[in-house]
Amino acid sequence: MAMPTTPPRFTRQAAPAPVGIAAFARLLNLRDGYSARHSDRVAALAVATGRQLRLAPDAAVRLQTASTVFDIGKIGVPDRILRKTEPLDEQEWTVMRCHAAWGAEALATVPGLEEVATVVRFHHERWDGRGYPDGLAGEDIPIESRIIGVADAYCSMTSDRPYRGALSPQRARSLLAGDAVGGHFDPRVLEATLAALDADPALVRPLGAPAEELGAAAGPPEEPIEAAAATAGLHAALSSVRLPALAETRARMLRLLDQQHPPLGKVADLVETDPGLAAAVMRAAIRDGASAVAVPAAVEALPTAALVAEAKRVPVFDFFEQVAGSRVVPERFRLHAVAAQRAARRIASILDRKDADTLAAAALLHDVGKLVLVTTHPSYPAGVHGRARTPDERIRAERRALGLDHASVGALLLRRWGFPEDFTAAVAHHHHEGHGDAATILRLADMLAHYSGGTPVDPERMLVAAQELGLSAADLRAGMYDLHAPASGRPERPQPNPLSDRQVDVLRALATGKTYREIAEDTGLATSTVRSHLHAIYERLGVSDRAQAVLLSTERGWL
């Protein structure tokens, strides 16, 4: 096929990219400088190829936008894989291949980028149908995706990478031609790409060239300075954000783990009341190769010493405490997470789901993206949400103002932490309809948690979510009531304290971590008398050690 020597100009000017695309482009730059510079080179070559192919104006706009952020899904790839200097093993390749689908999912949440998301999803499909993620072949692959695939391959071959040096342009062209014969690339697209390179040999600059040298088509449109500055902190937040734990919860966990034979069931129950502890324990289990992502499974899988170490590493906050530099009250965040977790468990029970523990864990972490956004956008949440009252209204306000939402950002964070795709996908889509039962359960649990906290929800949206799961209006009413129903087996009146005032003083001192000798010095008692008091305490409470005594007395309000 003969290609024109001079690329034709479009009859109308390309429309600007939708709001948010520049934020994604800058975020990619902050996540991985190589990926961003590589995307600039790919965009320049892809746009030039599109001109050679005389793409229609709307396709040209999609190509320009998609080629700028086609690798955005790599934000979710852990650093140990993305920056590995040796060849990836099969498991690591499995994670890396997810980036096309992850990028498409993130882009699809932004109004106006739905078609761009489709292009990004399919940029690693092959002409012969042996690509990923969906195995499309031939003309079923969008033309824009086929163009990006060739441009991506050429620019990758001609770049220095940690595991190999750059190939010469001539060698890269030869390999591309062989791949086209082998069925990897659309031959017509490859011919157009080579024609674009022939027309402008300096089209693809070496890595590190200023963006303006690549041509206006390669770079994203400018955003307001405030938005750009806010986006500039997103990578830092994704890299450093840590969920704090309530100090009291951590102290109780450590007391349980201090027992000779820690009751792991009680430890798991305690961890499930705190998203900070839950995240730390599950991340540790994932690093150790745990197959199931849930709090009980993680507690069972980790040695006691590892549980203690993780608990001690978690930053803590106290009741009513406002963390410096944050506009989120951590206890309010924790209470909503726990309410959502309990609602998710209730829904899973009604549906007889076997993955109740995993759904409960996802519910605990469903709002982690808010902790990222609150550190990167000075006006978040109040200035972004404005007068939005319900969860659905607030998520729409986030997409309008920021170009993304806390659910998609939360999924990016969880992917960086190593959580599996089905887990992160449920979090990413818990404000969307039609994305599977797990996401719908989280959406309904989130609304039930807001309802239980006295904040407005849309009753019709709650009913729609329930109906998606096959729940009736009666089931929904029962679930709403159960959120505030009295706990079964709760005593009608507090149990009397069987300890004397002196024994309470000794036990309270022991709960703070003091030794027998330190307690004796504080109380003026002999060390042997302190030991006698403790043995009497154990006998009266029916426990075998100090950790059980402290936990039981705390739970019953005696300390």
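## About the model

Because this is a predicted model, local features need pLDDT of at least 70, side-chain atom pairs count only at pLDDT 80 or more, and totals for chains, interfaces and linings use all residues. Residues are numbered from 1 along each chain as its sequence is written, and side-chain values use heavy atoms, with hydrogens and water left out.

## The overall picture

Let's start with the fold. The protein has 31 helices and two strands; these are DSSP runs numbered from the N terminus, with helices being H or I of at least four residues and strands being E of at least two.

How much of the protein is buried? Of its 559 residues, 51% count as buried. Here, buried means under 20% relative accessible area, exposed means over 50%, and partly exposed lies in between (1.4 Å probe, protein chains only). The accessible surface comes to about 25,600 Å², worked out by the Shrake-Rupley method with a 1.4 Å probe. Carbon and sulfur atoms hold 52% of that surface.

Contacts (heavy atoms within 4.5 Å) also tell us how the chain comes together. Among those with a separation of 6 or more, 68% are between residues 24 or more positions apart.

## Salt bridges

A salt bridge is counted when a side-chain nitrogen of Lys or Arg lies within 4 Å of a carboxyl oxygen of Asp or Glu. The count for this protein is 27 salt bridges.

One of them joins D357 and R345, with an N to O distance of 2.6 Å. This pair links distant parts of the chain: D357 belongs to helix 19 (residues 356-364) and R345 to helix 18 (residues 330-350), twelve residues apart. D357 is partly exposed at 31% relative accessibility, and R345 is partly exposed too, at 26%.

Is R255 buried or exposed? R255 counts as buried, with 14% relative accessibility. Its side chain meets that of E248 in a salt bridge of 3.9 Å, N to O. E248, for its part, is partly exposed, with a relative accessible area of 29%.

Another salt bridge joins K370 to D367, whose closest N and O atoms are 3.4 Å apart. K370 is buried at 18% relative accessible area, and D367 is buried at 5%.
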